[in-house]
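Colleague: I would like to go through this model with you. Please tell me what stands behind each term you use.

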Number of protein chains: 2
Amino acid sequence: MAHSHQHDLIDLRAKLRGKDHRITKPREEILDLLGKEEHPVTAKTIHEKLSESCDLVTVYRSLKMLESMDLVKRFDFGDNTARFELICPDDNGHHHHLICKECRTVVEIDECFDSNLESRIAKKHGFAEVTHQLEFFGLCSSCQTT
Amino acid sequence: MAHSHQHDLIDLRAKLRGKDHRITKPREEILDLLGKEEHPVTAKTIHEKLSESCDLVTVYRSLKMLESMDLVKRFDFGDNTARFELICPDDNGHHHHLICKECRTVVEIDECFDSNLESRIAKKHGFAEVTHQLEFFGLCSSCQTT
DNA sequence: GAATAAATGAAAAAGGCTTGCATATAGATT
DNA sequence: AATCTATATGCAAGCCTTTTTCATTTATTC
């Protein structure tokens, strides 16, 4: 899910302006990098890929901010490490992943269950603003033979 | 999802016997406690509820072992802390949760999407042994007014 | 009851993430 | 373009969850 850097910056400036949030070099670099990634990446990976041009702490702080602004989405692949992906206007950031338990290969999944399920669950329990986290895990074709 | 301790122990003995795994007091206590819990609990909580009768490390080790034996299932509620639940023969350990983002209330969800979705995804990408992790997040009725 | 393989406890460390504080910098104001 | 002020950064330290190491204890086998 690659994105145009141009687009990101427009979004960024528009979205941040009002909130007393600044456009800084680390934030631009992080967004730029996320735009080039195919799959969610960890803060550590971002830090390394940026050749440590900014502090790891700044990566964490930037990601947290970008997440709160709905520019970035957090994923959990079950290894105690958060991964982040740029929110893509196409799917509104809503898609899932299929992860190989063995080699950790990641495949993007566009399909999802019918949204009726979610609204039914929300209604049944009186919850509002219901979202979900869904990831699939299995063995990829290469790892099945092992 | 309470369970009979009796049942667990039978299962436990049967399952562990073959694998050179021993039935120890900490493991019995942990399983016993999990059988009484309504929702997934953290290792720390287990440790506390057992009045620290065994070391926290032992709790972690036991849970890992029990998980590998499919007696216990790990859940992730998005707060960097693993939670564990006894696998219930009724639903084969397969159910999900609805968690309040605000107060962290947990509701068990029995519904799930059609299993065709999963098999379709598995087939499409050549994956085997595909499972999924699905949790719902929202605002419970009490927290909506806040 | 002795042998032995596995489990435990205690201390330490690893790993992800956050916080406090002094310094630097973006963006507003002039 | 110089100044100002609030926000962001870097660095060090710390927190929290989880893992590792290793000596000791304990469950199971014979």
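Colleague: What makes you say that the copies meet through the same surface?

Modeller: The interface residues of chain B are, to 100%, also interface residues in chain A, so the copies meet through the same surface. This is a predicted model, where local features need pLDDT of at least 70, side-chain atom pairs count only at pLDDT 80 or more, and totals for chains, interfaces and linings use all residues. Residues are numbered from 1 along each chain as its sequence is written, chains are lettered from A and ligands numbered from 1 in the order in which they are written, and side-chain values use heavy atoms, with hydrogens and water left out.

Colleague: How many residues take part in the contact?

Modeller: Chain B gives 34 residues and chain A gives 34 residues. Contact here means heavy atoms within 4.5 Å.

Colleague: What is the area buried between chain B and chain A?

Modeller: About 3,000 Å². Carbon and sulfur atoms give 62% of that. Buried area is the accessible area (1.4 Å probe) that two parts lose on being put together, summed over both. In chain B, the residues that lose the most area to chain A are B:Glu111, B:Phe127 and B:Phe136, together 21% of what that side buries.

Colleague: Why is the pair B:Glu111 and A:Arg120 called a salt bridge?

Modeller: The rule asks for a side-chain nitrogen of Lys or Arg within 4 Å of a carboxyl oxygen of Asp or Glu. The closest N and O atoms of B:Glu111 and A:Arg120 are 2.2 Å apart, so the pair meets the rule. Across the interface of chain B and chain A the rule finds four salt bridges. Over all chains the count comes to 12.

Colleague: And which elements supply the side of chain B that touches chain A?

Modeller: β4 (96–100), β5 (106–109), α5 (115–125), β6 (128–139) and α6 (141–144) of chain B each supply at least two residues. Helices (H or I, at least four residues) and strands (E, at least two) are DSSP runs, numbered from the N terminus. The largest share, 12 residues, comes from β6(B). By class, that side has 17 nonpolar, eight polar and nine charged residues. Ala, Val, Leu, Ile, Met, Phe, Trp, Tyr, Cys and Pro count as nonpolar, Asp, Glu, Lys and Arg as charged, and the others, Gly among them, as polar.

Colleague: How do you know that β6 of chain A and β6(B) pair?

Modeller: Two strands pair if DSSP finds at least two bridges between them. Strand β6 (residues 128–139) of chain A and β6(B) have nine bridges, in the antiparallel sense, so they pair by that rule. Among the bridge partners, A:Phe136 has B:His132, and A:Phe137 has B:Thr131. Within chain A, four bridges join strand β4 (residues 96–100) to β6(A), and these run parallel. There, A:His97 has A:Glu135 as its bridge partner.

Colleague: What makes the relation of the chains that of a two-fold axis?

Modeller: Chain B can be laid on chain A by a turn of 179° and a shift of 0.0 Å along the axis, with an RMSD of 0.1 Å. That is why the relation is that of a two-fold axis. The copies are superposed by least squares on the C-alpha atoms of residues with pLDDT of at least 70 in both. Of the residues of chain B, B:Leu134 comes closest to the rotation axis, at 2.2 Å (C-alpha).

Colleague: Why are β1 and β2 of chain A called edge strands?

Modeller: The open sheet of three strands has the order β1-β3-β2 (chain A), with antiparallel pairing. β1 (41–42) and β2 (72–76) each pair on one side only. β2(A) and strand β3 (residues 82–86) of chain A pair over five bridges. One of the bridge pairs is A:Phe75 with A:Arg83.

Colleague: What separates A:Lys36 and A:Asp32?

Modeller: About one helical turn, because they are four residues apart in helix α2 (residues 25–36) of chain A.
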